[in-house]
Each structure stands twice: as C-alpha cells, then as structure tokens.
Amino acid sequence: MAKYLVQVIVMGVQVVGRAFARALQQEFAASQAAAQARSRAGQQSAAASSITGMSLQEAQQILNVSALNPEEIQKSYEHLFKVNDKSVGGSFYLQSKVVRAKERLEEELSIQKTDETQKNTET
C-alpha cells in the first residue's frame, strides 16, 4: 500500500514540476519579448550617452531646455556658445560642454525620429 502511495506522490510531483517548468519558460519568453519591444529606443539612447559621454538629462540641464524642441535647443545653444566664447572672456571648457550637449540632444532627436518612422512602417 505504501509503495502505491509513494508512486502516486512521485507522479504528482513530476506532473506539477513539468507544468511549472513549462509555465516558467512561457513567462520568460513573454518577458523577453516585452523587454525587447520597450528597450529599442532605450538601447539607442544609452549608446548615445556612452558615445557622447553625457546623459540626456545632463545635456538638457546644460542648455537649460525642458523639452526636445529643435528651435529651443538651437536658440539656447547659440546664446550659450556666444556667451562662453574665449574672445569675450568666456571659458573654452564651458563652450565645449555646450557643444557636446547640443550634439547629445540632436542625437536623441534623431533617435526619436527613426523610432517614429519605424512605428509608422510597422502599422
């Protein structure tokens, strides 16, 4: 009698274990697919941050812009570039930071533009 009871318990554990493993594999696959869909733009933005050596938030703070508006970025860039010109007593270091911030924000704008075109072509 005990032998049969042990066999039933072992079979039950095997069935539950297989079902749990299958459910875990399905959940993992779904999680990976969702993460890939969300992180396309995130990966590009992170790559741009590592290339320019500046985060998006830092670039926005340097140029004092809150939104990614090309006109606002250009206006702020021109003003800060002129103010920090070495010939008027400015700092070359700060001027270079302004240039790098503009480059970083332009890179982010191009990333957003390519993401929008990809979304439009997918639909």
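**Figure 1. Lys102 in helix H4.** Lys102 is located in helix H4 of this predicted model. With a relative accessibility of 14%, Lys102 counts as buried, because buried means under 20% relative accessible area. When residues up to four places away in sequence are not counted, Lys102 touches Leu63, Ile73, Gln74 and Tyr77.

**Figure 2. Overview of the chain.** The secondary structure consists of four helices and zero strands, and the pattern read along the sequence is α-α-α-α. Helix H1 covers residues 2-52, helix H2 covers 56-63 and helix H3 covers 70-83, while helix H4 covers residues 92-122. The chain has 123 residues, of which buried residues make up 19%. Its accessible surface comes to about 9300 Å², and 59% of that area belongs to carbon and sulfur atoms. Among contacts in the chain with a separation of 6 or more, 57% are accounted for by residues 24 or more positions apart.

**Figure 3. The largest nonpolar core.** This core contains 11 residues: Met54, Leu56, Ala59, Leu63, Val65, Ile73, Tyr77, Val98, Ala101, Leu105 and Leu109. Helices H2, H3 and H4 each supply at least two residues of this core. The most comes from H4, which gives four residues. Leu63, one of the core residues, has contacts with Ile73, Ser76, Tyr77, Leu80, Val98, Ala101, Lys102 and Leu105, leaving out residues up to four places away in sequence.

Figure 4. Tyr77 belongs to helix H3 and is one of the residues of the largest nonpolar core. At 16% relative accessibility, Tyr77 counts as buried, since the term applies under 20% relative accessible area. Beyond residues up to four places away in sequence, Tyr77 touches Leu63, Val98, Val99 and Lys102. Tyr77 and Leu63 are 14 residues apart along the chain, and their C-alpha atoms are separated by 6.4 Å.

**Figure 5. The aromatic pair of Tyr77 and Phe81.** A pair of aromatic rings is described by the distance of the centres and the angle of the planes. The count for this model comes to one aromatic pair. In it, the ring centres of Tyr77 and Phe81 are 5.5 Å apart and the planes stand at 35 degrees, so the pair is tilted. Both residues lie in helix H3, four residues apart, which is about one turn of the helix. Whereas Tyr77 counts as buried, Phe81 is partly exposed, with a relative accessible area of 30%.

**Figure 6. Gln95 in helix H4.** Gln95 is found in helix H4 and is buried, with a relative accessible area of 7%. Apart from neighbours within four places in sequence, its contacts are with Phe81, Asn84 and Asp85. Phe81 is also a member of the aromatic pair with Tyr77. Between Gln95 and Tyr77 the sequence separation is 18 residues, and the distance in space is 9.5 Å, C-alpha to C-alpha.

**Figure 7. Ser76 in helix H3.** Ser76 lies in helix H3, and at 16% relative accessibility this residue counts as buried. Leaving aside neighbours within four places in sequence, Ser76 is in contact with Leu63, Asn64 and Val65. Of these partners, Leu63 and Val65 are among the residues of the largest nonpolar core, and Asn64 is the subject of the following view.

**Figure 8. Asn64 in the loop between helices H2 and H3.** Asn64 lies in the loop that runs between helix H2 (56-63) and helix H3 (70-83). Most residues other than glycine have a negative phi, and most peptide bonds are trans. Asn64, by contrast, has a positive phi, near 55 degrees.

**Figure 9. A nonpolar patch on the surface.** Leu5, Ile9 and Val13 form this patch, and together they have about 300 Å² of accessible area. Val13 lies in helix H1 (residues 2-52). With a relative accessible area of 57%, Val13 is exposed, because exposed means over 50%.

Definitions and conventions. Residues numbered from 1 in each chain as written. Predicted model: local features only at pLDDT ≥ 70, side-chain atom pairs only at ≥ 80, totals over all residues. Heavy atoms only, no water. Buried < 20%, exposed > 50% of the residue type's maximum accessible area, 1.4 Å probe, protein only. Contact = heavy atoms within 4.5 Å. Areas by Shrake-Rupley, 256 points an atom, 1.4 Å probe, with all protein chains shown as cover. Patch = residues over 30% accessible without salt bridge, like charges linked within 9 Å, V, L, I, M, F, W, Y side chains within 5 Å. Salt bridge = Lys/Arg side-chain N within 4 Å of Asp/Glu carboxyl O. Core = buried A, V, L, I, M, F, W, Y, C linked by side-chain atoms within 4.5 Å. Phe/Tyr/Trp six-rings, centres within 6.5 Å; stacked < 30°, edge-to-face > 60°.
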